[in-house]
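Please keep the viewer open while reading.

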Amino acid sequence: MKISSCKKLSLIVVLSLASTSMAWSQQTRLAWIKGVFRNPAKVGAIAPCSSYVADELTRYIMHEDRKPLRILEVGAGTGPITKEIIKKMNEDDHLDCIELDAVYCDQLEEKFGEHENVHIHCMSIIDFAPTEKYDVIVSTLPFNSLPPKLVQQVVDQYNEIIKPGGYITYIEYVVLGNVKRLVLSKEKKAAWDVKQQTLKEWFGRYGVERKIVWRNLPPSYVYYLKIDKVENEKEKSKTI
Ligand SMILES: C[S@@+](CC[C@H](N)C(=O)[O-])C[C@H]1O[C@@H](n2cnc3c(N)ncnc32)[C@H](O)[C@@H]1O
């Protein structure tokens with residue numbers, strides 16, 4: 001049986017409403033759902049991330065005696081991860097938030113705009129050209145629903161703008177990806193596999209840990225990467 005796009009979208013909205021009804025203000029809830037309607041593939045989620053995912057994704061930003069951190073958040077949405085990052089920031093830390101959707105950006109400005117160390121950039125991560133690299137990148141881009149070429153560009157961009165020894169965390173929904181693959185056409189399956197290969201190689205090279213967070217809708221994997229081989233690889237290619 002084929003489910004029409006309209007029914008699929010209605011289901012997404014009902015699930016979003018149910019899952020966001022407890023934790024979010026009406027304004028945030030509405031903004032989120034409108035975003036799902038505007039661009040389901042780019043939002044790529046039925047609900048904002050839970051505080052449990054937010055806590056795991058921000059593991060590398062800790063209050064302690066440490067040097068100031070440059071932090072990049074990608075795909076900030078309506079701000080659940082931003083809120084957690086700000087909670088864990090020291091006063092000398094710097095946070096850049098990238099979000100593609102203009103309405104979500106307005107929400108982010110409204111919620112976090114007055115923090116002088118927080119800067120909202122309303123654009124695609126692909127077009128972002130920072131002048132300094134980052135110690136930590138926290139990404140909630142929906143890799144499962146983005147095209148393979150874009151995923152490769154994002155991975156290249158992250159590798160380029162992270163400092164040697166810097167940390168990257170990102171999420172992926174448990175099971176959903178594999179279920180989605182089952183219903184794809186042969187051509188789309190091939191593209192899907194290319195994308196998974198890109199992510200597998202990236203994690204294979206830099207991965208530290210993958211953890212499941214059940215208390216999220218849907219449950220998610222959080223991936224932890226330490227990009228400590230970028231400079232080594234460059235050095236190696238210089239000496240060959
Ligand atoms: C899965 S949602 C996560 C939102 C929020 N961080 C949360 O945890 O609920 C992904 C977000 O990435 C944004 N996004 C998608 N493609 C993007 C791109 N190329 N550059 C920046 N943001 C993008 C979407 O608009 C959406 O807000």
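The notes below cover the sheet, its pairings, the helices and the ligand shell.

## Sheet layout

The model is predicted. Seven strands build an open sheet, and their order is 3-2-1-4-5-7-6. The pairing in this sheet is mixed. Strand 3 (118-122) and strand 6 take the edges. Each has a single partner strand, so one side of each has no neighbour in the sheet. On average, neighbouring strands are turned by 15 degrees against each other, with direction ignored.

In a regular strand, side chains alternate between the two faces of the sheet.

## Parallel and antiparallel pairs

Strand 1 (residues 70-74) runs parallel to strand 4 (residues 134-139), with four bridges between them. In this pair, E73 sits opposite V138 of strand 4.

Strand 7 (residues 220-227) has antiparallel pairings with strand 5 and with strand 6. With strand 5 (residues 162-173), the pairing spans eight bridges. There, I171 stands opposite V222 of strand 7. With strand 6 (residues 207-213), the pairing spans six bridges. E209 has Y224 of strand 7 as its bridge partner.

## The hairpin and its cis bond

Strand 6 connects to strand 7 by a hairpin, through six residues. P218 lies in this loop between strand 6 and strand 7. The peptide bond that joins L217 and P218 is cis, with omega at about -10 degrees. Most peptide bonds are trans.

## Helices on the sheet

## Helix 7 against helix 9

Two packed helices are described by the angle between their axes and the distance between the axes. For helix 7 (residues 148-161) and helix 9 (residues 186-206), the axes come within 9 Å and cross at roughly 15 degrees. Angles under 35 degrees count as roughly parallel, and therefore helix 7 and helix 9 are roughly parallel to each other. Their crossing is left-handed.

Which residues make the contact between helix 7 and helix 9? Helix 7 brings P148, V151, Q152 and V155. Helix 9 brings A191, V194, K195, T198, L199 and W202. By class, the residues of this contact are seven nonpolar, two polar and one charged.

## Ligand shell

How many residues surround the ligand? The shell holds 23 residues, and the closest are A45, P48, C49, G75 and G77. Helix 3 (40-43), helix 5 (80-88) and strand 2 (94-99) each supply at least two residues of this shell.

By class, the shell has 15 nonpolar residues, five polar and three charged.

Technical notes: Residues numbered from 1 in each chain as written. Predicted model: local features only at pLDDT ≥ 70, side-chain atom pairs only at ≥ 80, totals over all residues. Near = placed C-beta within 6 Å. Nonpolar A, V, L, I, M, F, W, Y, C, P; charged D, E, K, R; others polar. Pairing = 2+ DSSP bridges. Axes fitted to C-alpha atoms, helices over the stretch in contact; angles between N-to-C directions. Parallel < 35°, antiparallel > 145°, perpendicular 65-115°, else oblique. Left-handed = near helix turned anticlockwise from the far one by under 90°. Contact = placed C-beta atoms within 7 Å.
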